[in-house]
Amino acid sequence: MIATLSPPSTMVAPSLYSASFISSPVLVPIGFGTEEIEVVVLVDVLHRAGAEVTLVYVEQKLEVEGSLGTKLLADVLISKCSEQVFDLVPLPGGMSGAVRLRDCVTLEKIMKRQAEDKRLYRAISMAPAITLFPWGLLIRKKTTGHPAFFGKLPTFWAALCSEEVEVVTVADVLRRAKVDVTVASVERSLRITVSLGTKIVTDKLIGEAAESSYDLIILPLLKEEQEAGKIYGATNSSSTVLHKHSLLKEKRTAVYLSDTHRPVDDQMIQGAEVVIDGSVITGMGLATVTNFSLAIVGKLFGHGRARSVSQGLVHEYQLNLKAS
């Protein structure tokens, strides 16, 4: 199947949009392995807003195969656009596609000119870490991206993208177990926007929270917690941060399937939803966050209280967790 991304035949009347945006030229570059859904949605929305979108291929043909096999048809090759001026250049993701974009010298020149001219450029998913970062276009920028690539971003502003399911579920389960929970913000405000747009009001800023002592810290954490022999843990891609700060040495852990930063070793327990090894608790991901939270309750207060909390959640408490 070949998908041609031309403007839809029926469009909302241009008068509904800002006149200044209708004629805005937008360049959307794609490469072999680009995420087709990110391209199609991006181009569709921009077309509906009246933008003049040019879809360009960074290699030597117009037909492009996306990451899942859908074939897209570009408008022109990128060599035809090297001297043009664009109001916006957004980069789609996809591992292979982001690498192809990064390695395109012409695109790199276009993107750096965008930055120098203070024109808009954007990136989604893996493209911020794989494409923009090596070009030096994320310096002093608040960034986010695919969770598996947080470790490659220049700062940990990616904390803006905490998963609301994980934050709320862990806090909820622990509070049901009568734990005094403090949710701390690593930003400059108590109000944070998490990955899918939900707004959460935290209890303290991380600087204030750091002045207190805790029996358990779930990322973000303090190294003092490890040194004091207290419990700490992480779920989903947050375990990447623990690994980066050497807090998982000689510890068995659950495996976050999209974690491309940690070399696979015999300490990583394949298929385990939650792994408890001494004072470290790790969870596989979003779908297992309830079990991760109940494992924390069980570790702190025993299986009886964890089972009681799980009954209130109408959730089966699992005792067959991997543990040392």
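This is a predicted model: local features need pLDDT of at least 70, side-chain atom pairs count only at pLDDT 80 or more; totals for chains, interfaces and linings use all residues.

1. Residues are numbered from 1 along each chain as its sequence is written, and side-chain values use heavy atoms, leaving out hydrogens and water.

2. The largest nonpolar core has 27 residues, and Leu91, Leu107, Met111 and Leu132 have the most contacts inside it. Such a core is a set of buried Ala, Val, Leu, Ile, Met, Phe, Trp, Tyr and Cys residues joined through side-chain atoms within 4.5 Å, where buried means under 20% relative accessible area, exposed over 50%, and partly exposed in between (1.4 Å probe, protein chains only). A second, separate core of 21 residues includes Ala171 and Leu216.

3. The whole structure holds 8 salt bridges, each a side-chain nitrogen of Lys or Arg within 4 Å of a carboxyl oxygen of Asp or Glu. One of them joins the side chains of Asp87 and Arg119 at 3.1 Å, N to O. Asp87 is partly exposed at 29%, and Arg119 is partly exposed at 31%.

4. Another salt bridge pairs Asp172 with Arg176, with the closest N and O atoms 2.5 Å apart. Asp172 is partly exposed at 33%, as is Arg176 at 41%.

5. Val76 is partly exposed too, at 26% relative accessibility. The C-alpha atoms of Val76 and Tyr57 are separated by 6.7 Å, although these residues are 19 apart along the chain.
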